[in-house]
Amino acid sequence: MTKLVRIDEARSRVSGLSVNTTLYATKQVETDRASIKSLRVLDKLSNGVRDLATAGFLSAQASVDRAVLTPDFHRGATLPVGIALAMNGAVVPGAIGNDIGCGMAFAVLDGIVAQELLAIWPKLPSLLRHSFFQGGRRIEASPDSRRALLSQGIAALDAKMLSDVWGDAPANIGQQLESAVHDPFGPIAPGSPFDEWIAPGGRDGISRDQLLGTIGGGNHFVEVQEITKINDGGAAWAWGLRCGSVGVMVHSGSVSLGRAVVNVHDARLRARLPNQLRRPEFGLMPYPTTGSNGDLGRSYLQDMTAAARFAALNRIFLSLMVRQKLSEALGRNVGWRLIHDLPHNLIWHEKNDTLLHRKGACPALQGQGYMEESRFACGTPVIVPGSMGSSSALLKGIGNPECLSSAPHGAGRVLSRNAARAHLAPTISRVVTPQDVRTARSDIRHEAERRLAEEAPRAYKPIEPVVDTMVLGGMATDVARLKPLFTIKG
């Protein structure tokens, strides 16, 4: 039987599991019993790894080492959301899900303040709706540009791709953005899941992109926010933040490309798995990374990296689309600076061949490795959004190995989507959706309101106890608070 045994004010040990598991949550953070019970899947995963190692499909060293649960921890379809899982000798695509590379980005918009933005609000919904949902964007790229981005990362971004959303982008914009994008993976050769995106229909030459600039559904969003409070002046100065600044926060993933990666590699695994070995029933199939079948895991990691790079590029486009429409409404160019972009559904190859799976958990690093650039020397930004209509937080990581250098990716759900839809929340002001609900038919308006209710504050944990846990538990330190001004939801 799984139960929590408190270690200190921020941490509890989950007893009753064979996998060493720690939950970061103060008494003020709500944790439901069903979510704790769902952690039994970790033992099933550990047993599955052991059985496949015994059968010789995985290496004898393959193992599930330990798990850290972040304060936003809650039940997921397979593995819980809000988990960092350290493994050896195997990767588990199901442990990070289909939305590979889903993550958060935050950029500052220079030359505009909140009051000026609110004054032009009446102009904005139609402009934003046209750009985000009605085919108003025209993003074009060549196969070579697309392939270079997947292979090398944001450093290979061709400024010509930004011509529609940022016509005067510097020619070396990729190099300028590289240090702000979390991408420690190095050069790769993306495989077949990306063929149709790289050259749509097999065509060469410039073509219009149908995926870039897509928010996605669920809890994905684009939100314009005001920095209302600075708690760490040193970090804020290093990152170029100031109280009263306006920024864009983006939460989105790899759209359909992540699912394509999962489907292709699942088919390869099925073809290789010996008939006498049963696939685990719980949907968390380990892929070997060493031995005669090690190419299965290594090729997945290659394509996983490419999907994550697409997701980061997509978040940049979504952010720039907001800049473009604000500039259009104001009649002047608005500045744009990417502060940080970091994923929370991804696998990292760490020291000692540890494969660190993070699902709904983001890196919280102390200016190490690829992040030694001076502005991140104090610690890398950790972006923690609140629920729609409530405040968000910026923190800085401290690289604590006790929490696997991980942090939460949000406040965390307390109500399922169905439960939240059953209780319509008061309409949140300044939300742009695909349909203008003010003029839509009553049935369309009602369904739009039900979808928005899924992301209402009552469906999520309050953010302050989550931030308090991060600070008390040594995950990160507090830097700033952000107040929403308007939100764009798919």
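## Backbone, strands and a charged patch

At 12% relative accessibility, serine 405 counts as buried; buried means under 20% relative accessible area, exposed over 50%, and partly exposed in between, with a 1.4 Å probe and protein chains only. The model is predicted: local features need pLDDT of at least 70, side-chain atom pairs count only at pLDDT 80 or more, and totals for chains, interfaces and linings use all residues. Residues are numbered from 1 along each chain as its sequence is written, and side-chain values use heavy atoms, leaving out hydrogens and water.

Serine 405 sits in the loop between β18 (392–397) and β19 (406–408). Strands (E, at least two residues) and helices (H or I, at least four) are DSSP runs, numbered from the N terminus. Although not a glycine, serine 405 has a positive phi of about 50 degrees. Most residues other than glycine have a negative phi.

Aspartate 353 also has a positive phi, of about 60 degrees, and is not a glycine. This aspartate lies in the loop between β14 (345–349) and β15 (354–359). Is aspartate 353 buried or exposed? Aspartate 353 counts as exposed because its relative accessibility is 51%.

| Residue | Phi | Loop |
|---|---|---|
| Aspartate 353 | about 60 degrees | β14 (345–349) to β15 (354–359) |
| Serine 405 | about 50 degrees | β18 (392–397) to β19 (406–408) |

β1 (residues 3–6) and β2 (residues 11–15) run antiparallel, joined by 4 bridges; two strands pair if DSSP finds at least two bridges between them. Lysine 3 has serine 15 in β2 as its bridge partner. The hairpin from β1 to β2 passes through 4 residues.

β2 also runs antiparallel to β3 (residues 20–24), with 3 bridges. Here serine 12 stands opposite leucine 23 of β3. The β2–β3 hairpin has 4 residues between its strands, and glycine 16 takes a positive phi near 90 degrees there.

Which residues form the positive surface patch? They are Arg33, Lys37, Arg40 and Lys44. Patch residues have over 30% relative accessible area and no salt bridge; like charges are joined within 9 Å, and nonpolar side chains (Val, Leu, Ile, Met, Phe, Trp, Tyr) within 5 Å. A salt bridge is a side-chain nitrogen of Lys or Arg within 4 Å of a carboxyl oxygen of Asp or Glu. α1 (33–37) and α2 (40–54) each supply at least two residues of the patch. Lysine 37 belongs to α1. Lysine 37 counts as partly exposed because its relative accessibility is 47%.

Key
Accessible areas come from the Shrake-Rupley method with a 1.4 Å probe; for residues, only the protein chains shown count as cover. Lys and Arg count as positive and Asp and Glu as negative; His and the chain ends are not counted. The place of a charge is taken as NZ of Lys, CZ of Arg, CG of Asp or CD of Glu.
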